Amino acid sequence: MTEMHDIEVTVNGRRRQGRVESRRLLIDFLRHDLGLTGAHIGCEQGVCGACTVLLDGRTARSCLHFAVAVDGAEIRTVEDLATPDQLHPIQEMFHQKHALQCGFCTPGFLLTTVEFLEREPDPDEEDIREALMNNVCRCTGYANIVEAVAASAVELRRRGEA
Amino acid sequence: MSNDQPTPDRFNLASQNHVGQSVPRREDDQLLRGQGRYLDDVPIPPQTAHMALVLSPHAHARITSIDVSEALALEGVLEVFTGEDLAGMVKPITAQIELPDYSSNSRDVVAVDEVRFVGEAVAVVVAESQYLAEDGAELVDVDYEVLAAVISLDDATDVDAPQVNPTVPGNVYYDGRFATDAVAEAFAAAAHIVSEEFRSNRVTAVPIEPRGCLAVPEHGDTLVFHSSTQIHHVLRTALAEFLDVAESNLRVVVPDVGGGFGIKAALYPEEFVCAALALRLRRPVKWVQDRYEALLTDVHARDNLYRVEAAVDDDGIVLALRAEIRTNGGAYAALPFGCTLETTGGARMIVGPYRISQYEYTATAVATHTTPTCAYRGVAQPVCFMAIEGIMDRIARRLDLDPADVRLRNMVPTAELPWTNVVGVRYDTGSFVESLEQAMEMADYREFRAEQAKGRLVDGKYRGIGICSFTEVSGTGAPGWRARGLTRLPGFDSGLVKVEPTGKVTAFVSHAHSGQGHFTTFAQVVADELGAPLEDVTIVEGDTGSGPYGTNTFASRSAVTGGGALIRASAKAREKLARIAAAMLEANVEDIEVENGRLHVAGVPSRSLSFADVAETAYAMNTTDLPEGETFGIEATDFYDPPLVTMANATHIAQVAVDAGDGRVEIEGYTVVHDCGRVINPMIVDGQVMGGVAQGIGEALMEELVYDDDGQLKTSTLADYLLPASVDLPNFNIAHIESPSIDTVGGFKGVGEGGVIGAVPAVVNAIGDALADLGVNVNTKPLRPALLSGLIREAGG
């Protein structure tokens with residue numbers, strides 16, 4: 001029998017425990033063990049970015065990490081962005097700018113944007129396109145995503161100043 | 001159109017409140033919260049088994065033995081099935097194509113004796129978890145006798161080429177021919193003959209969600225089959241036929257689908273295997289492919305060669321056209337469209353918006369030891385327009401004319417519509433000339449040409465501009481499919497509109513979404529036709545267990561066929577509401593007007609009833625009797641089969657800069673003027689256009705599936721198969737012309753594919769234009785930096 005490991009992580013502010021095989025991918029742990037299916041598996045090769053989560057505050061490909069290797073980490077997934085009553089401002093801008101179609105890649109773009117706008121609150125279009133270049137969207141052609149990120153930056157700055 | 005079909009004038013849409021508005025999408029909230037439910041998110045019942053496939057590593061080989069003992073010995077592996085085992089459960093799957101000169105073939109869902117492409121399944125392992133199923137698959141030991149393979153389109157019909165399929169002699173699936181009466185005379189008399197060979201390399205759609213399915217036995221004999229598919233009714237019928245089970249015991253449910261783009265409009269062996277094993281094992285079975293399997297086994301497309309020649313007069317008018325089209329069908333005819341979709345499509349669509357009256361084609365689909373090819377967004381049209389639009393540019397260069405002017409001289413002017421083209425396809429309305437002229441204005445085309453005349457090489461970059469004016473086949477009806485041999489594909493779709501006891505509206509439609517925003521757009525259509533408030537209308541789709549049969553969602557159908565069916569069903573429901581309301585208000589039914597959820601007597605707004613008031617009577621939930629002769633409830637079903645095809649049109653103009661040193665291409669401007677008839681939701685239409693353009697730019701510049709000579713796919717990861725990223729794409733300048741169809745209910749035309757159809761030729765032509773002074777002939781795609789820098793160097797640039 002494969003060796004099992006007990007792990008404990010903080011996911012979306014809650015302490016979660018799990019018992020995993022050494023080889024269990026973080027994405028499978030999140031999706032199938034914790035039931036957080038917002039992060040998606042697009043390639044399992046670290047290319048598409050659909051599985052993006054925030055790992056200790058930085059974007060990470062959850063298909064490229066083993067769950068056992070993130071023992072003790074703090075993880076944030078797309079499920080943490082909205083409240084039942086209100087979308088996060090970035091989500092709201094994605095809605096307003098029609099920045100999603102099938103929605104499969106969207107959680108990855110949202111978390112990439114969260115990290116990016118924390119680092120760079122006042123980006124220009126070139127900054128935004130560079131920040132998004134490691135997430136693949138096959139539906140939108142990116143233009144509306146770029147607009148949504150720009151509008152999110154404005155909105156987040158406005159709230160920060162308020 | 002049949003006689004009982006109401007004419008569009010009978011419909012309410014003229015007083016539209018919602019159609020034509022950029023209504024925000026209802027789909028978004030759930031998807032943004034990470035609560036979309038895609039196939040892999042569907043909760044699995046206890047006892048679900050997981051399956052993994054053992055894939056052939058050879059393009060062509062005889063299976064000499066399969067040893068499953070080690071796999072079976074692994075703890076957690078439940079069973080291993082070979083092709084022979086599956087052959088007892090699933091009949092060989094066959095696409096029904098009825099064309100003269102077509103050789104049919106069948107496919108075992110898991111290979112028996114012989115494999116015909118790398119990635120074909122040879123065994124199936126079922127285990128307690130996905131990890132264990134994949135472990136088991138690694139342990140299946142298959143011995144092969146490797147056989148000679150034929151991979152390329154060019155070699156398929158060589159006399160010594162190995163035979164791919166026993167029922168496809170000479171590796172020719174299909175060899176179609178057509179000619180009008182005076183092609184040879186036109187060529188003999190022509191002042192100029194302009195010819196070119198265009199090669200399109202192989203690509204695939206790559207939806208970010210991989211394919212998958214979950215088969216759940218329920219209530220004894222019923223199987224609930226969840227699949228990431230675009231064609232749930234077609235799938236259900238095929239499962240019934242090839243598994244030999246009662247169709248009434250099958251329910252196909254489509255969850256959220258993470259992109260389809262046509263490749264999920266094919267039926268795949270894994271779906272039949274998963275369903276068969278669930279029935280065999282009497283427990284749920286789940287399968288989700290990984291990206292490697294996706295690139296190997298999702299249908300491929302665009303592996304085409306076009307040899308085209310045009311007979312042209314001194315003014316650049318095309319007097320006659322000859323096209324020799326070869327398409328690579330791969331190892332098997334994929335279901336349900338077979339391997340001739342690109343072949344017949346290219347042959348029938350290449351004449352586009354042009355007044356070409358003499359035309360001859362040969363169109364051949366060949367078999368090779370490669371992944372089957374079938375539908376990918378745009379089917380045939382990106383390539384046939386790369387060919388005809390490439391010819392237009394070559395005519396311009398030969399005669400020293402502007403490429404835009406050559407097109408304008410050859411186009412069918414709007415005043416001459418409706419117009420039937422040389423292969424019998426009717427263009428009812430459109431804006432060929434207007435879309436080109438408007439796009440030229442938006443792109444500052446004449447100014448660009450004036451600047452370019454001073455020299456194409458500026459700051460180390462060659463600058464060019466490329467046009468694609470095209471027709472876009474959408475909303476195909478039964479006659480259209482029959483004309484292409486697809487006699488088992490119905491053409492119609494259906495709508496079922498229910499006004500519920502509380503007056504709220506549920507509308508079922510025979511489509512399945514994969515990002516198009518159906519819940520929003522179809523609600524707009526129903527609200528306007530029924531006269532209901534938009535927020536009172538809920539759309540249900542993607543489930544064969546609710547709502548009537550249809551042909552489902554591919555080939556830019558949903559607005560035309562789903563919209564049409566829902567309009568007809570809504571009109572019927574509205575008429576019943578009006579009849580009951582008339583009785584309740586003691587008025588004539590002709591005097592009843594319906595607006596925003598209320599029915600009132602014309603001219604007397606105070607004499608009115610809400611939908612709920614009328615529904616209470618219809619459902620016997622008050623003390624008012626139903627009028628004589630009326631049945632209970634308010635439910636109306638109707639069907640809509642559009643004409644042969646519904647023709648949209650557009651012009652795309654791309655401006656590019658090609659780096660003289662490294663050959664990299666930058667898209668510096670991109671303009672689209674699109675005409676899809678009456679627009680339901682401009683925001684969503686723009687989204688469809690932009691997404692399609694992105695795929696087209698990817699196809700023109702980087703995307704390519706590459707086989708080596710032995711049939712190994714060298715691009716089997718997304719690190720090798722390049723997709724366009726945010727930094728590769730421009731912003732888009734989009735405008736619409738609305739020429740409502742006069743042949744379809746609602747006036748809608750399809751929009752799903754236009755983006756990619758226009759982008760491939762526009763970008764290829766722009767690069768050809770940029771390098772024209774060097775004498776570089778750009779007649780292939782993708783146009784990667786290495787290829788272009790080599791061509792530039794060879795040309796002395």
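**Two domains in chain A**

In this predicted model, chain A is divided into domain 1 (4–80) and domain 2 (89–161).

User: What makes domain 1 and domain 2 of chain A touching parts, with their centres 22 Å apart?

Analyst: The distance of 22 Å runs between centres, taken over C-alpha atoms. Contact is judged residue by residue: two C-beta atoms must lie within 7 Å. By that test, 13 residues of domain 1 of chain A are in contact with 12 residues of domain 2 of chain A. So the two domains touch.

User: What kinds of residue make up the side of domain 1 of chain A that touches domain 2 of chain A?

Analyst: Seven are nonpolar, five are polar and one is charged.

User: How many helices and strands does chain A have, and in what order do they run?

Analyst: There are five helices and five strands. From the N terminus on, the order is β-β-α-β-β-β-α-α-α-α.

User: Why is chain A called as compact as a globular protein of its length?

Analyst: Set the value against the rule. The radius of gyration of chain A is 16 Å. The globule rule gives 15 Å for 162 residues.

User: What share of chain A is buried?

Analyst: A residue counts as buried if 20 or more other C-beta atoms lie within 10 Å of its own. Buried residues make up 54% of the 162 residues in chain A.

Technical notes: Residues are numbered from 1 along each chain as its sequence is written. Chains are lettered from A and ligands numbered from 1 in the order in which they are written. This is a predicted model: local features need pLDDT of at least 70, side-chain atom pairs count only at pLDDT 80 or more; totals for chains, interfaces and linings use all residues. Helices (H or I, at least four residues) and strands (E, at least two) are DSSP runs, numbered from the N terminus. The radius of gyration is taken over C-alpha atoms; the globule rule is 2.2 Å times the number of residues to the power 0.38. A residue is buried if 20 or more other C-beta atoms lie within 10 Å of its own, exposed if 12 or fewer, and partly exposed in between; C-beta atoms are placed from the backbone. Domain bounds come from an automatic or database domain assignment. Ala, Val, Leu, Ile, Met, Phe, Trp, Tyr, Cys and Pro count as nonpolar, Asp, Glu, Lys and Arg as charged, and the others, Gly among them, as polar.
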